[in-house]
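Morning, everyone. Please have a look at the model on the screen, and I'll talk you through it.

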Amino acid sequence: MKHISMTVNGDQHELLVDPGWTLLETLRDNLRLTGTKEGCSNGNCGACTVMIDGRTANSCLVLAAEMDGTEITTVEGIAKHGKLNPVQEAFIKDGALQCGFCTPGFIISATALLQRNPNPTEEEIRTRLAGNLCRCTGYDKIIMAVEDAAAMLRG
Amino acid sequence: MPDFDFAQPTTLDEALELFAGSGEIRALVGGTDIVDQLKTGRRNADLVVDVKRIPELQRLEVTGDGLHIGAARSCTDVGEFPAVRSDYRSLAESAMLIGSWQIQNRAGVGGNVCNAAPSGDTIPPLLVHDATAVVASASGRREIALSDFFAGPGQTVLQKGEILVELVLPPIPDNSASAYLRFIPRNEMDIAVAGVGSFLQLDPSNNAVLKARIALASVAPTPLRARAAEEVLEGNVLTDELIEVAAEAAVGAATPITDVRGSAEYRRELVRVLTRRTLAICRDRING
Ligand SMILES: Cc1cc2nc3c(=O)[nH]c(=O)nc-3n(C[C@H](O)[C@H](O)[C@H](O)COP(=O)(O)OP(=O)(O)OC[C@H]3O[C@@H](n4cnc5c(N)ncnc54)[C@H](O)[C@@H]3O)c2cc1C
Ligand code: FES
Ligand code: FES
């Protein structure tokens, strides 16, 4: 077992992790943060997307043991003080989800995109979200929601 | 996941001492190849060494002898680095093609090279820019031309105990440019059916080709240079006809297989088309 110290959504955790555990397993099974989903387990679907030190990653391909000293943001840490972030609000307003399984991953990827560029083109949105798959919506409403969230952020 | 130990050294010496140990020892950068390979049993490990915290492997800078890319630098870091975007454009293009944004944020260019897939997208751009691999073990360092680095699908010439430290790309000459294109049936998130990187240096007085490099992915057991096609170009005035002859010669370097992504015949045709297109892009880039 390896000792790591990582900050998740602002809270610091001291953990003993097995070298074989993924960050995804550790978040869901040890920290009980089940908002982050497991779809494919091999980097293709994006359901497990989290931010590590501000950058998005597929947590199913990251070992928890790598995470000593890092800051992780999961979907549970996106709303601040009980207030949804603009991406979450826009997803609800535009009905950008059906079963919702892909939604946490999309919220993280879209939030990261808008942090970097609050005025992305449709093409940039589609490219940056290409690592998040959705079996239900057909994507158009998701793209619309990200555009609306961008407009909210720009005020 | 199989049982293995984990280490996260913070100096190169510490890392090389670990790699000198016995058993199956594997480096980890982004983990976007190795973690899935371990999960599915395609590779095994007694010890996994996360090399991302070694300062030498995080180097990313331009010095007198060229561009230095530490082996642990991510595709995002490399693809967004100003000198890569301006001078080594094919490399920036390929780094931003790998997987998704999430993948690019973790996956190393060095990881792409060491994974040694025939389809590794950053490899043709590195080959056309004459990259050298600087490798080290507990008993010393050596430099390997990247064109001599690959031994077969998933196989490199790295010896037991050796790791990649950095890739060095020499400074680019005036009047030169590079380009990379791959063909996939989707827009993102797929493995190249074929990929071609090209580099051209032209004589501005008469448009003669001073230096040409063409490298192919996904059409042979390893990524490789199409040397006959380079020879067709060098010393001759660049015309559409010459580009066509070079594209035909590049097809000759390909020894593709037929698989679910495409037939051998289709891949040969892709080599012709992508060689023609990347050479034309180089010409346009040089002529501004
Ligand atoms: C969804 C998905 C999409 C992908 N799309 C593409 C794509 O479009 N194009 C493409 O080319 N690849 C693609 N890949 C494959 C992979 O992302 C790339 O090959 C990536 O560059 C690997 O880098 P890494 O840092 O994650 O490697 P790792 O998995 O960390 O390592 C890869 C291999 O190299 C070895 N290694 C790493 N560093 C060193 C070192 N310093 N010295 C010696 N050995 C070392 C490791 O032991 C391992 O065997 C994709 C993967 C996924 C999961
Ligand atoms: S579960 Fe990680 S990408 Fe699908
Ligand atoms: S809403 Fe069901 S997968 Fe996207």
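**Chain A, then chain B**

Chain A has an accessible surface of about 6,800 Å², and 49% of that belongs to carbon and sulfur atoms. Accessible areas here come from the Shrake-Rupley method with a 1.4 Å probe; for residues, only the protein chains shown count as cover.

Some ground rules. This is a predicted model: local features need pLDDT of at least 70, side-chain atom pairs count only at pLDDT 80 or more, and totals for chains, interfaces and linings use all residues. Residues are numbered from 1 along each chain as its sequence is written, chains are lettered from A and ligands numbered from 1 in the order in which they are written, and side-chain values use heavy atoms, with hydrogens and water left out.

Back to chain A. Five helices and five strands make it up. Both are DSSP runs, numbered from the N terminus: helices are H or I with at least four residues, strands are E with at least two. From the N terminus, the order is β-β-α-β-β-β-α-α-α-α. The C-alpha atoms fill a box of roughly 45 × 30 × 25 Å along the principal axes.

Now chain B. It is divided into domain 1 (5–46), domain 2 (56–169) and domain 3 (176–286); the bounds come from an automatic or database domain assignment. The C-alpha centres of domains 2 and 3 of chain B lie 20 Å apart. Across that pair, 25 residues of domain 2 are in contact with 25 residues of domain 3, where contact means heavy atoms within 4.5 Å.

Next, the sheet. Chain B has an open, antiparallel sheet of four strands, in the order β11-β12-β13-β14. Strands pair if DSSP finds at least two bridges between them. The edge strands are β11 (176–183) and β14 (224–225) of chain B. Eight bridges join β12 to β13 of chain B. One bridge partner to look up: B:G197 goes with B:A215.

Last stop, one residue. Where is B:S100? In the loop between α5 (89–95) and α6 (101–106) of chain B. Buried or exposed? B:S100 is buried, at 2% relative accessible area. Leaving aside neighbours within four places in sequence, B:S100 contacts A:N58, A:G131 and B:M189. B:S100 and B:M189 are 89 residues apart in sequence, yet 6.1 Å apart in space, C-alpha to C-alpha.

How values were computed. Buried < 20%, exposed > 50% of the residue type's maximum accessible area, 1.4 Å probe, protein only.
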